[in-house]
Amino acid sequence: MARDIFTAEHEAFRDMVRSFIEKEIAPYHEQWEKDGIVSRDVWLAAGRQGLLGIDMPEEFGGGGDPDYRYYVVLNEELAKAGVHGPGFSVHNDINGGYLRQLANDEQKARWIPGYCSGEIITGIAMTEPAAGSDLQGIKTTAVRDGDDYVLNGSKTFISNGILADLVIVVAKTDPSAGAKGVSLLVVERGMDGFERGRNLDKVGMHAQDTAELFFDNVRVPAANLLGEEGMGFIYLMQNLARERLSIGVTAQAAAETAFEQTLEYCKTREAFGRPIGKFQHNRFTLAEMKTELTVTRSFTDECVVKESKGELGVDEAAMLKYWNTELLKRVVDRCVQLHGGYGYMTEYPIAKAYQDVRIQTIFGGTTEIMKEIIGRSLGV
């Protein structure tokens, strides 16, 4: 199906992103996977190319363009190339929203220029060892003491956790107030008591640094409070919709790419004297995947358009995240099967995809949590 949600400017941007990936990411990604982390150079290159902070104010070095579709193009092309190392979507789609909407002028002047240039890499610390999808269950605390908050606790599974120079930390500033006692604090590299643990050894997405973070009596200046004290949970709920849309967009593009690679394989790989795609079972499997991807593409693009207009609902974002990531998992699994033994060999992109996609139904809120959100929206 032809897509009608992009303009000529978006497609020109897509060409630029493809060139950037070919030059600045693809030649190095295999080594980054061995290293478990990307080079900071790719962040600086992305900053020079204008890929960071596209929607940030121009006076602070941003692109000044609120059109979310540019981030969609960037995320799609990274997914198509199978290069998950650079955590640009965490920086752009997630953290950018908090900084753009909540930071005051002094904070923007202090952080946004480096954010846009790639000199300041960002992360967000929500998940804890004993609190994943249940954000109200976090134990990290921040107690006001004069002009500072004293931060104590730990976080885990933090994307960009090793590289991050600036981390938005979700903490309880009033543990007795439940959801109304949660606040967002910005912790910066070098603050006393802020330590990083392991760069976690994951099943897939090996080039993406994912870390444990520890806070031992970290004195965070009150000037680093993001937004208002006690409003953190509301801010999280407001911004999680775009995070889930971003994950859904990436999942759709990755699933389409896996399908296209497998379709080509089925046309050229022969068994019993004919291409394996000629066997009815395989042909039906391909037909099923193509149909599911085509139907899902329509809903995905509808959600992108709604988000660009500021109209995307929390329930719709949950539906997209749930459906697209589960579809990605199913598609890749079937594509591995169609590849046979070669699908299990890591030199084939489909084997790499099999490792990388499993996390998609977990991070950003599990499938089960997405169903809970959708169910509550129905009044049940």
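Helices here are DSSP runs of H or I with at least four residues, numbered from the N terminus. What you have open is a predicted model, where local features need pLDDT of at least 70, side-chain atom pairs count only at pLDDT 80 or more, and totals for chains, interfaces and linings use all residues. Residues are numbered from 1 along each chain as its sequence is written, and side-chain values use heavy atoms, leaving out hydrogens and water.

Start by selecting E33, G82, P349, K352 and D356. They lie nearest the centre of the second largest pocket, which 28 residues line. (On a 1 Å grid over the protein atoms alone, a pocket is an open set of points where a 1.4 Å probe fits, with protein on both sides within 12 Å along at least five of seven lines; lining residues have an atom within 4 Å of a point.) Now colour α9 (349–356): this helix gives the most to that lining, six residues.

Next, pick E76 and R3, whose side chains meet in a salt bridge at 2.8 Å, N to O. (That means a side-chain nitrogen of Lys or Arg within 4 Å of a carboxyl oxygen of Asp or Glu.) E76 sits in helix α3 and R3 in the segment before α1, 73 residues apart. E76 is buried at 1% relative accessible area, while R3 is partly exposed at 28%. (Buried is under 20%, exposed over 50%, partly exposed in between, with a 1.4 Å probe and protein chains only.)

Last stop: R376 and E372, another salt bridge, 3.2 Å from N to O. Both lie in helix α10 (residues 367–377), four residues apart, about one turn of the helix. R376 is exposed at 58%; E372 is partly exposed at 42%.

Conventions:
Helices (H or I, at least four residues) and strands (E, at least two) are DSSP runs, numbered from the N terminus.
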